[in-house]
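Subject: Handover of a structure for your study

Dear colleague,

Please find below the structure that I am handing over to you.

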Amino acid sequence: MGLTTTQKLGWGLADLGLIAFVMIKQLFILFFLTNFLNVPVFLAGWTTTSILLFDLLTDPLIGAASDRTRGRFGRRAPWMVFGAIAMSIATLFMFNVPEGLSEVGNLLWFNIAFAIATVGHTMINVTYNAMGGEIAQSGEDWAAIRGFRVGFATVGLLMGGVILPFIAANTLTGFSIASYVVAPIMLLAVLGSVFLTSGAQSVFQPIKVDDPAMFQHVYNNYAFITLATVLGLMALAVAILMAGAPFIAIFLMTSDGSAPMSGMADAMGMLAFLLLAIVIGSILSQPVWATLSKRVGALTTLIISLVVFIAIQFVWYVNSPNSNALIAFCIFVAHGFGTTAYRQVPWLIYPDLIKATQRRTGLQIEGVFQIAWMFGQRLGYAIAPVVLASMLGLSQWATSSGGAMPEQSAASIEALRVAVTLLPAGILAIALVALVALYLPLSRRELSVLREAEA
């Protein structure tokens with residue numbers, strides 16, 4: 001029996017909360033630490049990366065534990081509920097640092113809250129994606145719930161990437177108010193998803209296979225591991241770009257009032273303006289990538305998207321710094337096409353690779369597969385802050401407190417320019433080579449298992 005419309009909608013709803021937090025994590029952590037808490041950029045980068053690397057250790061624990069969880073509401077629901085509570089409350093603490101603390105105290109308060117919020121996000125993300133593989137019993141169901149997910153992810157992008165910076169308005173009080181707006185919405189999105197999908201969770205019994213055996217089955221699927229690695233490289237490139245977005249808005253965009261749309265950019269705040277362009281690009285690109293995937297296949301579409309994304313990065317390098325808001329808007333709309341392909345297209349390949357292992361082993365171990373699938377992405381997200389911070393730190397990047405914008409040297413501006421354009425382009429080029437040279441032959445061999453079973 002297929003999923004109802006309510007259940008499909010309910011599964012997609014959780015991604016609103018997940019993506020909103022991802023935007024907060026990618027966009028504002030490094031910026032908030034350096035511009036509001038006066039944390040040196042090297043220290044801000046390393047502490048942020050340390051927390052995200054620690055969070056990687058929780059992925060296998062949570063994924064395997066959720067595969068073993070027994071409950072009347074399914075294996076995944078309890079993890080999503082408690083994760084949502086932790087993520088939302090800790091987000092409030094992140095942007096409401098008590099007055100009067102020392103710089104060390106500010107850093108400790110923020111990072112403890114950030115660590116709790118990140119682990120809460122992991123509790124949701126790992127189990128939520130694993131649950132999707134359980135409740136979608138057909139390719140039609142999988143395509144439908146992915147469609148709803150992309151729709152709600154777009155709302156999450158708006159929430160974390162446009163509404164939050166617009167409310168924050170680059171002030172400490174503004175960030176506090178924004179957190180009180182966004183955190184409850186993240187919580188309600190995840191809890192609403194659990195409620196609406198409660199009748200759809202098809203696996204209620206724990207898997208009775210020890211952890212090493214489960215992980216070995218995943219790692220034996222070489223095509224899956226290669227694709228996950230490619231996705232991790234793409235995540236690193238996107239995360240560097242997103243972590244640099246607040247710095248781009250301030251130091252690579254100067255609105256002198258003479259350029260088209262500069263008045264709108266001033267009114268909204270340049271960061272919200274640029275992120276709105278990414279969201280618009282994301283919305284416009286979703287049917288493009290979906291249609292292209294149907295006509296030429298998901299793998300060919302992914303290759304095309306990488307070529308396009310690399311070209312966009314070179315165009316942005318040539319056109320930065322730039323005071324013309326219209327040019328920036330168009331470039332960031334194009335960025336929306338690239339980031340959406342990264343979030344959308346690989347997931348069309350993902351299910352068949354899992355099914356190939358299930359066909360060989362007879363095991364439903366989506367939680368462990370989800371760990372491997374997310375590991376490369378989480379590693380990319382984790383090291384992006386320290387990569388960006390290191391490039392800026394080597395150029396003697398100036399920090400401040402209270403949101404004041406320090407003047408940067410020409411060397412620092414050039415370091416930022418290269419870090420958010422050419423560096424991601426190089427990483428994406430490596431991903432492209434790996435996809436064509438490694439994944440393509442491995443996937444043909446792996447998917448032959450499914451073709452033989454269906455023959």
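Predicted model: local features only at pLDDT ≥ 70, side-chain atom pairs only at ≥ 80, totals over all residues.

Is D15 buried or exposed? D15 is buried, with a relative accessible area of 4%. Here buried means under 20% relative accessible area, exposed means over 50%, and partly exposed lies in between, using a 1.4 Å probe and protein chains only.

Residues are numbered from 1 along each chain as its sequence is written, and side-chain values use heavy atoms, with hydrogens and water left out.

The chain as a whole

The protein chain has 17 helices and zero strands. Both are DSSP runs numbered from the N terminus: helices are H or I with at least four residues, and strands are E with at least two. Of the 455 residues in the protein chain, 58% are buried. A contact means heavy atoms within 4.5 Å. Among contacts between residues at least 6 apart in sequence, 85% join residues at least 24 apart.

Salt bridges

Side chains of opposite charge can pair when their charged atoms come close. A salt bridge is counted when a side-chain nitrogen of Lys or Arg is within 4 Å of a carboxyl oxygen of Asp or Glu. By this rule the count comes to three salt bridges.

D15 forms a salt bridge with R149, and their closest N and O atoms are 3.1 Å apart. This pair links distant parts of the chain, since D15 is in helix α1 (residues 5-35) and R149 is in helix α5 (residues 139-168), 134 residues apart. R149 is buried, at a relative accessible area of 7%.

D55 and R378 also meet through their side chains in a salt bridge, at 1.8 Å from N to O. D55 belongs to helix α2 (residues 41-68) and R378 to helix α15 (residues 366-394); the two are 323 residues apart, and the pair links distant parts of the chain. D55 counts as buried at 1% relative accessibility, and R378 is buried at 4%.

The side chains of E414 and R417 form a salt bridge at 3.2 Å, N to O. Because they are three residues apart in helix α16 (residues 410-420), E414 and R417 are separated by about one helical turn. E414 counts as partly exposed at 31% relative accessibility, whereas R417 is buried at 15%.

A pair of packed helices

Two packed helices are described by the angle between their axes and the distance between the axes. Helix α8 (residues 222-243) and helix α9 (residues 245-252) pack at about 45 degrees, with their axes 4 Å apart. That makes α8 oblique to α9. Axes are lines fitted to C-alpha atoms, for helices over the stretch in contact, and angles run from 0 to 180 degrees between N-to-C directions. Angles under 35 degrees count as roughly parallel, over 145 as roughly antiparallel, 65 to 115 as roughly perpendicular, and the rest as oblique. In this contact, L241, M242 and A243 of α8 meet A245, P246, F247 and I248 of α9.

The surroundings of T340

T340 is found in helix α13 (residues 325-344) and counts as buried at 5% relative accessibility. Leaving aside neighbours within four places in sequence, T340 is in contact with S282, S285, Q286, W289 and V345.
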